[in-house]
Amino acid sequence: MKICKTKKGTFTYNDVVYDVLVVYKSGKKNISYRFRNNVFTISAPLFTLDRTISNGLKRFAPKLVKFVKKEKPIGDDYVYIFGH
């Protein structure tokens, strides 16, 4: 039997406020950070401290936001392969 609990909040990075969704799962052993559609989604073990999640978000938020804002090599009518 798996137990799931969710918590919502906000996080400010570079004067932009992002929504945060934390999903606590009973069988999980690691914390996972994801950033999609301007929402941080965090999966964590059931009894993880809020302070631990917050410190990790401060650490990984710059990398996640930078990766999403990076220009994609695929467009409407083209695909870049090896820089061409």
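Strands, as I use the word today, are DSSP runs of E, at least two residues long, numbered from the N terminus. That matters for R36, which sits in strand β3. We will come back to that residue. One caveat before we go on: this is a predicted model.

Start with the overall layout. There are 4 strands and 1 helix in the protein. Reading from the N terminus, the order is β-β-β-β-α. The chain has 84 residues, and 25% of them are buried. Now contacts. Take those between residues at least 6 apart in sequence: 25% of them join residues at least 24 apart.

Next, the backbone. Which residue has a positive phi of about 55° although it is not a glycine? N14 does. N14 lies in the loop that runs between β1, residues 4-13, and β2, residues 16-25. N14 is exposed, at 59% relative accessibility.

There is another case further along. N37 has a phi near 55°, again positive in a residue other than glycine. Where is N37 found? In the loop between β3, residues 32-36, and β4, residues 39-45. The relative accessible area of N37 is 76%, so N37 is exposed.

On to charges. How many salt bridges does a search of the whole structure find? The answer is 1. The partners are K7 and D50, and their closest N and O atoms are 3.1 Å apart. K7 belongs to strand β1 and D50 to helix α1, residues 50-69, so the pair ties together parts that are 43 residues apart in sequence. Is K7 buried, exposed or partly exposed? Partly exposed, at 34% relative accessibility. D50 is partly exposed as well, with a relative accessible area of 45%.

K2, K25, R34 and R36 form a positive surface patch. Here is R36 again, the residue in strand β3. Patch members need over 30% relative accessible area. R36 is at 59% relative accessibility, so it counts as exposed.

Last stop, strand β4. Two residues are worth a look there.

S43 is found in β4. Is S43 buried or exposed? The cut-off for buried is under 20% relative accessible area. S43 has 8%, so it is buried. What does S43 touch, leaving out residues up to four places away in sequence? The list is V23, K28, N30, I31, S32 and R34. One of these, R34, also belongs to the positive patch.

P45 has its place in strand β4 too. P45 counts as buried because its relative accessibility is 17%. Leaving out residues up to four places away in sequence, P45 touches Y24, K25, K28, K29, N30 and I31. K25 is another member of the positive patch. What separates P45 from K5? They are 40 residues apart in sequence, and 10.0 Å apart in space, C-alpha to C-alpha.

To recap. The order of elements is β-β-β-β-α. N14 has a positive phi and lies in the β1 to β2 loop. N37 has a positive phi and lies in the β3 to β4 loop. The salt bridge joins K7 and D50.

Technical notes
Residues numbered from 1 in each chain as written. Predicted model: local features only at pLDDT ≥ 70, side-chain atom pairs only at ≥ 80, totals over all residues. Heavy atoms only, no water. Buried < 20%, exposed > 50% of the residue type's maximum accessible area, 1.4 Å probe, protein only. Contact = heavy atoms within 4.5 Å. Patch = residues over 30% accessible without salt bridge, like charges linked within 9 Å, V, L, I, M, F, W, Y side chains within 5 Å. Areas by Shrake-Rupley, 256 points an atom, 1.4 Å probe, with all protein chains shown as cover. Salt bridge = Lys/Arg side-chain N within 4 Å of Asp/Glu carboxyl O. Lys, Arg positive; Asp, Glu negative; His and termini not counted. Charge placed at Lys NZ, Arg CZ, Asp CG, Glu CD.
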